[in-house]
Amino acid sequence: MIVRFLRDEGVKYIYGYPGGAVDVLHDALFKEKAIEHILVRHEQAATHMADGYARATGKAGVVLVTSGPGATNAITGIATAYMDSIPMVVLSGQVPSTMVGTDAFQETDMVGISRPIVKHSFIVKHPAEIPEVLKKAFHIAESGRPGPVVVDIPKDMTNPSDKFEYVYPKKVKLRSYGPAVRGHSGQIRKAAEMLLAAKRPVLYSGGGVIMGNASAPLTELARMLNLPVTNTLMGLGGYPGSDRQFLGMLGMHGSYTANLTMHHADVILAVGARFDDRVINGAPKFCPNAKIIHIDIDPASISKTIKADVPIVGPVDSVLTEMVAILKEIGEKPNPEALASWWKQIEEWRGSRGLFPYDKGDGSIIKPQTAVETLYEVTRGDAFVASDVGQHQMFAAQYYKFDKPNRWLNSGGLGTMGFGLPAAMGAKLNFPDVDVACVTGEGSIQMNIQELSTCLQYGLPVKIVNLNNGALGMVRQWQDMVYSGRHSHSYMESLPDFIKLAEAYGHVGMRITELKDLKPMMEEAFALKDRLVFLDIQVDVSEHVYPMQIRDGSMRDMWLSKTERT
Amino acid sequence: MRHIISLLLENEPGALSRVVGLFSQRNYNIESLTVAPTEDPTLSRLTLTTVGHDEVIEQITKNLNKLIEVVKLVNLSESAHIERELMLVKVKATGAQRAEIKRTADIFRGQIVDVTSSVYTVQLAGTSDKLDSFIQAIGTASILEVVRSGVTGIARGDKTLTI
């Protein structure tokens, strides 16, 4: 019944791992040709694969794990999806309902353990309710502010000898759940008028624009009003990264231009962003002169850390579309002189060295920033880029200019090392004709490196761009800056030979140590369309990610290099 | 400031744990909590009291509303309402104390609902303040045991919390 429902729901791939409590389901999958089950090597990777799929497509990824350790291994991936509002349905096996609570073999209270990190969860109480429960799970996961939903299934609910009538439920009824379907027109008009009257406006957009499928109306609005645009880490690609109006990412490692533009703005239009602590720096000093318009599907995101002057609760795509229509109807433009002088100021901040200037050195050693810039050139800015967590993640966010939404897959909220490779796999599986790169480091990649085996089994030729500096770079950076250079437990002795490791898993490994080899070898790697290539790039360990906001300061308080600050 | 938040909750296993979990997860306070099914057996009515600034209370109500099993919610403290708490107090009652306790219970419109040769059990309903005052009036020295139900409440006038 579960497998039939998944087929009727249009699920093509399930990411999972078998075990006692779900062996009936795996048996049913054996006979079902419309759904392919991807066998990972660790359940955490199953959740990240489903997550990568969801980020790339906007649809819920489906995970199937067994009870006990299967379920607990999935927890990190569920929390990752929860923090970034990613739709996911996790089916976890459970011991038979008659044994629940007896500390049975491989029993764990999955609903209890996952409670704080799911949008909702269900325990199946009777086999007949399975189609309805699953329909609700998909509906809740994908609608409103998306998120992961756990469905815990005791083994006796899937007994193949019990037969029940199955009807695919086309609709779902939930009296206590109804996310807003449109924003308040009066508020939208008020916001439009505020934007027209603004002298120093800025558009700050986040992951909600990606998952809310709103980058088209957002781009139209920004062009119409000639607004400077900055994206959060989660929002990259929501507005074309190579466009003149784009100021780069904002926040802790955001661009000098974006952070100063925010600080000096008089009207901030926040769309699908949540004023995260890694964005706003010190809340009391945040943007002292700005009125704030905040559009979000989740009312609890509004005025959580920063009070909104004009809150608008609703789906970002419909709110922005309505705002564009209202502006057309009003037919006015913002004061051209004020806007021209605002842009002049912004261009002064941007300067001639680009949004993220860095010292390219003498070429004797590869800079990690250069590696990302080269990746951007080689893939013509059109790849799916999954990243792990650390310095390489920030370099990827700064130097890879995403022109399209859903192309940048990273664990923004939870910051999960080990996310990159399985997320890249999830994207590659569903977009076999598009280049998929995993930008990672020698620390993060080892957190889910076993998935190289899954890649071989299912033919997933992702390209791993390992920025290997032989150190846990971000930890080391903080130790340099905050802990007087004491590199406590941030270095990696006895690293494996990644080339041999890749080869042992049946893939191609390439080591790049010279700057002159960087581009040609990367091109060679991406030319190998049907092979996974592990590019182990030796990069400068002394590089730091800049700018870096100074703790508890305002948006404009930043270190710009090891010696300069604002 | 203290707030009384009242909600209709799907009468399903696990629903209560989500409400309670939310408070610990987001570092909110719960001072008291009462919950029981309503006349509609698919719904429970849950009333809780909490303390916090207006911004915190706003976040609490928003996050409670986000829980799938919360059907409807009202912050009773925002308008005229009636609040009640039930208390059962077991007090030492010997000699002259017996008459004194009876008198005090009468003043507070309490009832003595159980009697032994040395103990009275007093039942008292009212606002939390009134129950506090009763305890003070009796004096903690003679109190053997106190059981309080936690606050429950209802809006005054025509307003109802129903679906």
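Start by selecting A:S85, which comes after helix α5(A) and has a positive phi, near 55 degrees. Helices here are DSSP runs of H or I with at least four residues, strands are runs of E with at least two, and both are numbered from the N terminus.

A word on what you're looking at: this is a predicted model, where local features need pLDDT of at least 70, side-chain atom pairs count only at pLDDT 80 or more, and totals for chains, interfaces and linings use all residues. Residues are numbered from 1 along each chain as its sequence is written, with chains lettered from A and ligands numbered from 1 in the order in which they are written.

Now step back and select α5 itself, residues 75-83 of chain A. Is this helix mostly covered or mostly open? Mostly covered: seven of its nine residues are buried, meaning that 20 or more other C-beta atoms, placed from the backbone, lie within 10 Å of a residue's own. Color A:T76, A:G77, A:I78, A:A79, A:T80, A:A81 and A:Y82 to see the buried ones. They pack against α3 (43-57), β4 (88-94), α6 (110-114) and β6 (148-154) of chain A; contact here means C-beta atoms within 7 Å.

Next, the sheet. Pick out the chain A strands in the order β9-β8-β7-β10-β11-β12: that's an open sheet of six, paired in parallel, where pairing takes at least two DSSP bridges between two strands. β9 (246-249) and β12 (310-313) are at its edges with a single partner strand each, so each has one side without a neighbour in the sheet. On average, neighbouring strands are turned by 15 degrees against each other, direction ignored.

Zoom in on β11 (291-296) and β12 of chain A, which pair over four bridges. One to click on is A:I293, whose bridge partner in β12(A) is A:V310.

For a contrast, jump to A:S494, in the loop between α19 (473-482) and α20 (498-504). Why does A:S494 count as exposed? Because it has 4 C-beta neighbours inside 10 Å, and the cut-off for exposed is 12 or fewer.

Last stop: bring in chain B. Here 13 residues of chain A are in contact with 16 residues of chain B. The predictor gives the complex an ipTM of 0.91 and a pTM of 0.95.

Key
Contact = placed C-beta atoms within 7 Å. Axes fitted to C-alpha atoms, helices over the stretch in contact; angles between N-to-C directions.
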